[in-house]
Amino acid sequence: MWRCTGPRWSGGGPGAGPEGRFGQRLGWYCAERDAERVSLLPPGKALAFAAVGERRCLGVRRAGRWLPCPYGAVLESEGVRDQCPACARLDRSRSVAADTMADDPRPYGVYLAYFGPGLVKVGITAAERGAARLVEQGAVAYAWLGRGPLMAARRAEAVLGSALGVPDRFAKEAKRAARAALPPVAERAAELARLHGAARALAGWPETLEPVAFACVDHTELFGLARIPAGGAVELGGPAAGAEIVGEVVAGVGADVYLRLAGDAAEAREAGRASCEGCGGLGGREVGGVHGGGVVAVLDGRLLSGWVLGPARGRVTTVPVRPAGGSGSAERGRPGERGKRGEPGEGQEGLF
């Protein structure tokens, strides 16, 4: 039984998949086989799956492998956490983020991450991970500030927070809203450059932290930001048992997957047969294509963690749909009046 382990980015570096392409994926783990797989999520990928059974804790990841939850704990459908409290405590007992790993000898990088106008944060990541942490957070652009020991990196992070008021996190809702109205790339780089210069001019910069000259890296093409509709996308909530998601991948930003949901205009064309690369070979049926029509929705891929995903039986998404920004009450089923349940089709070869 394969359970989804949520979104990840890999390719061309540490954690690269066999395809060698850097991009967004969904991970899968089978406890019975102690095996893992991934499914690529490129633009145009057709998705048609349903949540099966109960959402369960994935356990703890150590030394590159999963240690299954000994309790088989059931998780709530709306939470983004894929661990029960006991496994989460064990995970944080040896965590840089929780400051319980101060003796980590690896070098660390300090970065500035841009998510939108006025949304620039400071953070640290192990140097060996490169830009993976920035991509996972959905940073639209970023620049390195310095590299050095963990405690020096932590001190620089604290200095920026106290002296310049630079936060170390932003809410998911703020990031999503900013993506819908981003300024040109040059303006993003200019905002990062100003803050980079101000940070380097601060007193109290750790001596053991090697400074890095300003260089802006932008993720417009990697994420497919130009394909995200102006004004934002409607939002999908967490699936309950039996809930279905049917659509086509538009873009991927951090943990978010943007989908064009199957709808009236979309059902006029066929997407062909989707291939299953990591879902354990589960079968399904053919779904209507969604090219050029349908509502664009955003799903936090972490909401899929812990679910077994089987083939969709219908032709529309039936998880809760909310307006952009999460305001208003959730509606189950079709977004607006566009969705329509169609007649069963013939064997889809997979979920992805």
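A charge sits over a ring if NZ of Lys or CZ of Arg is within 6 Å of the ring centre and within 35 degrees of the ring normal. In this predicted model, Arg200 and Trp205 form such a contact. The charged end of Arg200 lies 4.6 Å from the centre of the Trp205 ring. A further case involves Arg147, placed over the face of Trp144. Here the distance to the ring centre is 5.1 Å.

Trp144 also takes part in ring–ring contacts. The structure contains five aromatic pairs. One of them joins Tyr111 and Trp144, with ring centres 6.2 Å apart. Their planes meet at 85 degrees, so the pair is edge-to-face, given that the class requires an angle over 60 degrees. Tyr111 belongs to strand 7 (residues 108–116). Trp144 belongs to strand 9 (residues 141–148). The pair therefore ties together parts that are 33 residues apart in sequence.

Both partners are buried. Tyr111 has a relative accessible area of 1%. For Trp144 the value is 13%, which is under the 20% limit for buried residues. Trp144 also pairs with Tyr142, at 5.9 Å between ring centres. The planes of Tyr142 and Trp144 are at 80 degrees, so this pair is edge-to-face as well. Tyr142 is buried, as is Trp144.

Trp144 pairs with Tyr111 and with Tyr142, and its face carries Arg147.

Terms used. Residues are numbered from 1 along each chain as its sequence is written. This is a predicted model: local features need pLDDT of at least 70, side-chain atom pairs count only at pLDDT 80 or more; totals for chains, interfaces and linings use all residues. Side-chain values use heavy atoms; hydrogens and water are left out. Rings of Phe, Tyr and Trp (its six-membered ring) pair if their centres lie within 6.5 Å; planes under 30 degrees apart count as stacked, over 60 as edge-to-face and the rest as tilted. Helices (H or I, at least four residues) and strands (E, at least two) are DSSP runs, numbered from the N terminus. Buried means under 20% relative accessible area, exposed over 50%, partly exposed in between (1.4 Å probe, protein chains only).
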